Every structure is written in structure tokens, then in C-alpha cells.
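Subject: Structure for you to look at

Hi,

Here is the structure I promised. Please open it and keep it beside this email as you read.

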Amino acid sequence: MKDSRYDILFEPVQIGPVTARNRFYQVPHCNGMGHRAPSGMAAMRRVKAEGGWAVVCTEVCEIHPSADISPHNEARLWDDRDIPALARAAEGIHEFDSLAGVELGHHGFRAQNRISREVPLGPSSHTVVSYDPVQSRAMDKEDIRNLRRWHVAAARRAKQAGFDLIYVYAAHGLTTPMQFLSRRYNQRTDEYGGSLENRARLLRELIEETKDAVGDTCAVPVRICVDELVGPAGLCSDGEGRDLIEMLADLPDLWDVTVGDWSNDSRPSRFGEEGVHEEYVSFVKKITGKPVVSVGRFTSPDTMVSQVRRGVLDMVGAARPSIADPFLPRKIEEGRLDDIRECIGCNICAAADNTYTPIRCTQNPTMGEEWRRKWHPEIITKKESEDRILIVGAGPAGMECAVSLGKRGYDVALAEATTELGGRTAREPLLPGLSAWGRVRDYRLGQLHQLANVDIYLDSEMSADEVLGAEFDRIVLATGSSWRRDGVARYHRIPIADLDDSGVFTPDDIMAGRFPTGSIVVYDDDHYYMGGVIAEKLRDLGLNVTLVTPAAIVSGWTVNTLEQPRIQKRLLEKGINIAANQGLAGFSGGAAKLACAFTGRETTIEAHSLVMVTARMSHDAVFRALTERQDEVREAGIKSFSSIGDSLAPGTIAAAVFSGHRYAREFEMDASDEVPFLREISELGPW
Ligand code: ADP
Ligand code: SF4
């Protein structure tokens, strides 16, 4: 039952000519599907509406080929042929009485125009934001008139597609109206440059013209950046950001307020708590009479209520919390707070967009799979047999598998070698900045406690003999992995010969409380978060730490999770030495031998201990033993045995959760060579 403290979250909100049925607002967010996978995108948005979000928006929607941000897969309304794909999303959202929003956008000199090959446009001539050898040209008056025309045309198409909210997008430093606003980017001397009033002219025109075109039935929200986080050199909430809101106070139908660029807006949990933007955003509602929405990785209904009651926000904006749990509003409404799958702030979802692939989520394995695998976040088919299933290992893969099989109604036993559940999601949250990642374990622990048909056995390391004697129909091995000590990863594909392993540690040692002493080299050839986190942990213990990596930057893959610059900054500020572009050539006698990744030239640095953050080895001994003892497996009546998660192949926590979930959904299916999901295939045109 709903707790009356949360009633305020379920009040309707008027947004221009439309009414949202509650205060839950899924702000625009990318998803790696966009115009390339519109069925998938629409099904994902539809599930959000079903889950209770009163407003569900698309990702940014390119309005014209002069701002083509491919290979990112965003929505498109370049011409009428794009309408049906977006209409599908609007239709799905309307099915559950939610409002459909579309974020029209033109990306100025952020767009490299890799597909359209148009020359990028911008307020002034700038190099594009990426390293593409491309520069924009400064828009002349004709270009500005064209942009306004394209925006109105796209707005009309959006209305035709059925959208209720049609955005003007001036945020994240990367859209043309935002580039006009910021004096960093706008060096014009005409009536579109100079004073703030002039720099805001384009934005004002776009708002007014969009309202004229579609405002009779559609709301026109503005997504705005009130603080670029560069001080007075840009918009800031105690300077021009505030002046701008005062200037346009009641012109849009809603203010969707952002701070900084995307990496700040979607601040990883390592670098920001829930509600991190409040100090920058809270002034807006004091100025405008229009509804205000903003994000802050809100997962706690108490925080949401507090934001509304204290007059910070009218609507609770969310991208990531709605990805991790599309049913978050419904769960609050039904008083099922323990069932909320809270976002952990890892930004694996953002990494999908940044690697041009359909969205995925660490907490929600069904995200991005709604259409192509027909996976629903809250519904799973009931069991098809009386099979009893033994899962060995209770890391994220084993726990997710147990929860999902348990929800299907199977009798499940979950055997874990140690005295606690969680595997890596019990250990890693103890490392600096990763505490929120413990939610992966906590959510599943809560679900397991509700499932009477899942028995948990702690302190129960299973050998192959024990598995064979356990009298189960199906065996799932989710036994995880451990970090290698021999240096094998990307730089070395065979073990390092010149290695005195008496001083070698791994992240598993550090997580178990076995710490090195003296001067330490952390050798990172993994390139995700672990190397940086281990370096931080050891530095926090007061040790002298040098992070050595063959890459040019630390934790290189975290560029995709929007974390990298903050990680490198933090390491430098903590006094960790960084030796980039260096492979590890050897280690012994208090020294590490490094080799330049380009020339091979060797240097030596002092190192009493070495922490190898390289690759991991699967714990596959039981699986291999069963493979070799097939006759005994058959005699024991075991119908199948499978390896999932890191024990099959080490990967991300998201991959382990997905693997566990997939087993639970698919294990009765016959193995087949067919592609295991629906594909969206482009139509061939005539010759
Ligand atoms: P994953 O990410 O694939 O879930 P983890 O390494 O996080 O993998 O978790 C694997 C879990 O399996 C650990 O908690 C580990 O203690 C447990 N485990 C490993 N081998 C056995 C075994 N033979 N019997 C029972 N539990 C095991
Ligand atoms: Fe949150 Fe991580 Fe899921 Fe993104 S991938 S929604 S950050 S849990």
C-alpha cells in the first residue's frame, strides 16, 4: 500500500496545454538505439510509461543533416520519412496514459557530420569537439533563418508523430542554441553576439516559433544549462545562468534544468551523491512560475518528496533511475520500496551509447532487451517443468540467476563457498568510491528473502563430486574468477618471464586486506576502474604509489562511462604518480622495469611491491571436471550443466547479471544456431 508521505509525488502537474498524471518525469536520455533501432527504442520507452513515469521522453532527436552526430544512434526527424519510427514510441507511451516528449536538437560544432558530410555550423568558426580534423563555419543570417525553419518543421513533424512535449534543447554545451548562449563559443559581433540578450536571441526565437507552430496542443519545454561549471567564463548559476532564467522566466512551458556537460549531469556515483545538483538548480523555481524538473540520480522517495516540498523541483527528473528500474514510480505507489532496483551510478548505460550499441544496465538486465528478446523488467514466464536447479556461486551472476529462476517458480538451491552472498559485489563496494555498487547485491538479497522456493547455503564450497551427488536436475556454475598474477592481459599475451612473484599482489589480495608495503607500482593493463581504485586505496593507506599503464591515460575505458577525467584528476590530486605509455617489462629486487609502449626503451623505477591489475582467470575447475565426467553426469540424472558469468568468461558486473538472467529465461530452450534476438534490418532501396 502507498505510504501517504509520498502522495505529493502522485499529484498531477500542468505543463502548458498538457497535464502529467504525476511528478515522475523521465528526462531525455540516449540509449544507443535511436533511429537505427526504433522498435527497440519504442518498446523501452513504452515500458517506462507502464512503470508509471508520467512523462517519457526520447533521446535527442536530430532535426537536420547539418548536425549529424553519427555514429551515435539518436532519434531523427530529418524529413517526413522519420515520422513513423517516432510515432511508434509516442504510441507506446500513450498506451499507459503518459505524455510523450521529444528532445529536438541541433548540435552545431559538436556534430562532425560524418555521414551527411555537411560542413558543421556554429555561432563562430570552431574546431569540432572530437579530434576529427573538421571545423565549423560561422552561421550567417541566412543560416540562422534556416535553422529556425528546420526547427519549426521538425516540431510540426513531432506533433504529427503524436508527441505532447516538444523540446528546445540548449544544454550540455553541445547544442547550437547553447553555443550561441555561451560567450566561450559565441564571438559574434552582430545582434546574435555580444550581450547576453543578443546571445539568447536564437533561443528566444526558437521557443517562440516552436510555441507558435505546435503550442496549441503541445507543451514546449526548454532543456537549459544554468551553470557550465567554468565560472564567469561561461553561464553560471550566480551570473549569466541566473540572468538568462530571469530574462526568459515564463516563456517556456517547463524548465528542464541541467548543470555542466553530460558527464556532470550523469555524475557517476564515484563522484557525486543523490541530488548533487541542488545547489546550482534550486534558484530556478524562485524565478519562474513554470514547472521545473531536474535530475540527481534520485532513487529514494524521501529525497524526492523533500525536493518537491522544499521548492527545489516540481517534477522528479530521472534518466538512470528509470533505466535501472522502469517501474520505480509504480513501486513507490504500491508501497513496494524494497523491490526498487536502485541505480548504482556506474554509467554502463552511458557506455553503451558511447560505444554505439543498444543500452544495457548493470542493475536491470532487461534494459534494451524489451523488444529484441521480449524481456519485461517485472514479468517472467512461469516454470515449464519441475526441474530442481543447483546454482554454485552467489556473485552477481548466481544471485540474479537464483532470483529469476525463483520468480519463475523453480525450486532452487544457491550454494556459496564463503560466509556471505554477493561475490565481487560484496568485496568491491568496500573500495574507495564504490559503496553504491553494493546495491547490486542488496537488491538481489532482498528479492531472495521473498522467495521461499530458493534455499541458500553459505559456507558451502562445492566440488565436482558434491555436485554429482547433490540430486539436482540442472547445475549452474557461477563460480566467478580471480585476478591473474603473471602479467598476461593486452600488453603481454604470455606470462612475463622476468617476474619475482614474491612481491606481486592482485586486487583480490587488496580486497582481502593483504596489503603491500614500501614503494608500490600498480600495473594497469585492464583499463577499466580497478587500477585507479586500487591505486587510490593504497594511497589512502599512506603508501607511495605509481600507476603504470601501457595506455596514454589511466582507466582508459572509463571514457565511455564518463568517469575518466575525474579519475585522472583524483589520482593526481591524491599524489599518485602516473607513468603512462609504459608496459611492464619485469619486476625483481625492489625495482620494476618499464618499457616505452612505442619505442621499447627501458627504464627502471623503485618498487618494493607490484599490484597486477591485468586480466582474470575463470574459476572453471568444477565445470571442466563435469565436462570430463559426462557418463557420471548422466548417471546422476543431471539434464544439463552450464557455466555463467565470470566463470564462463570474466567481464563486467553488468555482463554477469545479464548472463545469470539469460540463463533463467532461456535454459529450457534447445541450443540453436539462430540469432538469439530480433534484429532491425534496413530496407533495401531501388538501384
Ligand atoms: P560473477 O561475477 O560471475 O557472479 P563472482 O566472482 O562475483 O562471479 O562470484 C562468484 C562466487 O562464487 C563467489 O562468491 C565465490 O565465493 C563463489 N564460488 C566459487 N567457487 C565456488 C564453489 N566451488 N562452490 C561454491 N561457491 C563458489
Ligand atoms: Fe544506473 Fe549503472 Fe544501470 Fe546506468 S547502468 S542505470 S548507472 S545501474
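First, a definition: Ala, Val, Leu, Ile, Met, Phe, Trp, Tyr, Cys and Pro count as nonpolar, Asp, Glu, Lys and Arg as charged, and the others, Gly among them, as polar. With that in hand, the shell around ligand 1 splits into nine nonpolar, nine polar and four charged residues. Please remember that this is a predicted model.

**Ligand 1**

Ligand 1 has 22 residues around it. The closest are Ala397, Glu416, Arg424, Met462 and Asp646. Start with Glu416: an N or O atom of its side chain is 2.6 Å from an oxygen atom of ligand 1. Then find Asp646. Here a polar backbone atom is 2.7 Å from an oxygen atom of the ligand. Ala417 also uses its backbone: an N or O atom there lies 3.0 Å from a nitrogen atom of ligand 1. How much of ligand 1 does the protein bury? Taken alone, ligand 1 exposes 580 Å², and the protein buries 92% of that.

**Helix α17**

Next, go to helix α17, residues 439-449. Its buried residues are Val440, Arg441, Tyr443, Arg444, Gln447 and Leu448. Why do they sit on the same side of α17? They cover an arc of only 165° around the axis, so they share one side of the helix. An α-helix has 3.6 residues a turn, so residues three or four places apart point the same way. What do the buried residues of α17 pack against? Their partners are α15 (396-408), β16 (411-415), α16 (424-427), β17 (454-457) and α24 (653-666).

**Two loop residues**

Ser66 is in the loop between β4 (55-62) and β5 (75-76). Is Ser66 buried or exposed? Its relative accessible area is 4%, and buried means under 20%, so Ser66 is buried. The Ser66 side chain makes a polar contact of 2.9 Å with the side chain of His64. It makes another with the side chain of His106, also 2.9 Å. Leaving out residues up to four places away in sequence, Ser66 touches His106, Asn113, Glu118, Pro120, Leu121 and Trp150.

Glu95 is in the loop between α2 (83-94) and β6 (99-105). Its relative accessible area is 45%, so Glu95 is partly exposed. The side chains of Glu95 and Arg46 are joined by a polar contact of 2.7 Å. Now look for Ala49. Glu95 and Ala49 are 46 residues apart in sequence, but 8.0 Å apart in space, C-alpha to C-alpha.

Best wishes

Definitions and conventions:
Residues numbered from 1 in each chain as written. Chains lettered and ligands numbered in written order. Predicted model: local features only at pLDDT ≥ 70, side-chain atom pairs only at ≥ 80, totals over all residues. Heavy atoms only, no water. Helix = DSSP H or I, 4+ residues; strand = E, 2+ residues; numbered from the N terminus. Buried < 20%, exposed > 50% of the residue type's maximum accessible area, 1.4 Å probe, protein only. Polar contact = N/O pair within 3.5 Å; in protein donor to acceptor, adjacent residues only side chain to side chain. Contact = heavy atoms within 4.5 Å. Near = heavy atom within 4 Å. Areas by Shrake-Rupley, 256 points an atom, 1.4 Å probe, with all protein chains shown as cover. Arc of directions from axis to C-beta.
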